[in-house]
Amino acid sequence: MINYCVNIQKKVKKDNQENYELIKELIEGTLISLVYNMDQKYFEYKKEFAKPDIFIDTNLLIYFLGYQFEEFTESAKELLNMLEEWNFKLNVFNNTVDELTRVLYFCTTKKANYSKDALVNTMCSYFKKQGFKKHDIIEIIININTKISDLKINIVENNIDLNNFNYKTIEKMRTVISGYRPKKKGINKDGKIEIYDGVKAIDHDVSILLKIKEIRGQEPILSFEDAKAIFLTADQGLVNYNWKMHEDKPTIPEVYLDRFITELLWLKDPKSDIKVET
């Protein structure tokens, strides 16, 4: 529904600015209705934030850094500005930075030198279209901590060791999360496209969820506004998994979609002039 409205407004914005403003007002009204009528167990629109620590996922970190196409980075940077205006403490776990570094290194390999039509809308394809060379990406890797700090995002250690947890519990989390994640395409050593599950990426998500739970402690959290920590992502599959796991639990989820937070902040302060695409 929302994607359908956004596609319409993009065309209207291009053809007729007056109609675009009308469509924008209609969608803003829809957002108010949608969020206002959400399960109040998760959201109290009049309540002040207790400023939970926000931890950024790899995909959003890439967008914040500007290493993707504008269709991804524009709305992400608007969200980043809103979070700064609300004085949220922004963080990223060190293993998330490690995951970003792995992807950056992949972009320097021959496997990343795919054709113009294959594996589009990835960070590697963005670098290729922007004319980045291997040494340019290596320079980004060397200075990645500084670049993150320049965004006023703190790097926090995640000391979760999955080997210290019950094996069956971890395996169940891995299996279920894998079922919610879209299968990704990669280039194998023979230059052929193959499907892979991204085991390291799944373990990253498992460790993040366990760390957020550790930060929150044992006491149930009944309202988003009172959450001690949340994990912010652009991964709809991870959000779906996490919310499904909380259907019968007396506490709110650990993971939230970037668009949800943007809409939530706008609803609390409608004076914020955000683009409908956001």
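This is a predicted model: local features need pLDDT of at least 70, side-chain atom pairs count only at pLDDT 80 or more; totals for chains, interfaces and linings use all residues.
Residues are numbered from 1 along each chain as its sequence is written, and side-chain values use heavy atoms, with hydrogens and water left out.

The secondary structure of the protein chain comprises twelve helices and seven strands, defined as DSSP runs numbered from the N terminus (helices H or I, at least four residues; strands E, at least two). Of the 278 residues in the protein chain, 46% are buried, a term that denotes under 20% relative accessible area, with exposed meaning over 50% and partly exposed in between (1.4 Å probe, protein chains only). Among contacts (heavy atoms within 4.5 Å) between residues at least 6 apart in sequence, 74% join residues at least 24 apart.

Strand 2 (residues 90–93) pairs in the parallel sense with strand 1 (residues 53–56) over two bridges, and also in the parallel sense with strand 3 (residues 154–156) over three bridges, where pairing requires that DSSP find at least two bridges between two strands. Leu90 of strand 2 is the bridge partner of Ile54, while Ile155 in strand 3 is the bridge partner of Val92. In a regular strand the side chains alternate between the two faces of the sheet. Both faces of strand 2 are covered, with Leu90 and Val92 buried on one side and Asn91 and Phe93 buried on the other.

Aromatic pairs number 13 under the rule that rings of Phe, Tyr and Trp (its six-membered ring) pair if their centres lie within 6.5 Å, planes under 30 degrees apart counting as stacked, over 60 as edge-to-face and the rest as tilted. Trp243 and Tyr256 form an edge-to-face pair, at 5.5 Å centre to centre and with 80 degrees between the planes. Because Trp243 lies in helix 11 and Tyr256 in strand 7 (residues 255–257), this pair ties together parts that are 13 residues apart in sequence. Trp243 is partly exposed at 22% relative accessibility, whereas Tyr256 is buried at 1%. Ring pairs also link Tyr67, Phe69, Tyr126, Phe127 and Phe132 into a cluster.

Asn242 likewise belongs to helix 11 (residues 236–245) and is buried, with a relative accessible area of 2%. Residues up to four places away in sequence aside, Asn242 touches Leu209, Pro253, Glu254 and Val255.
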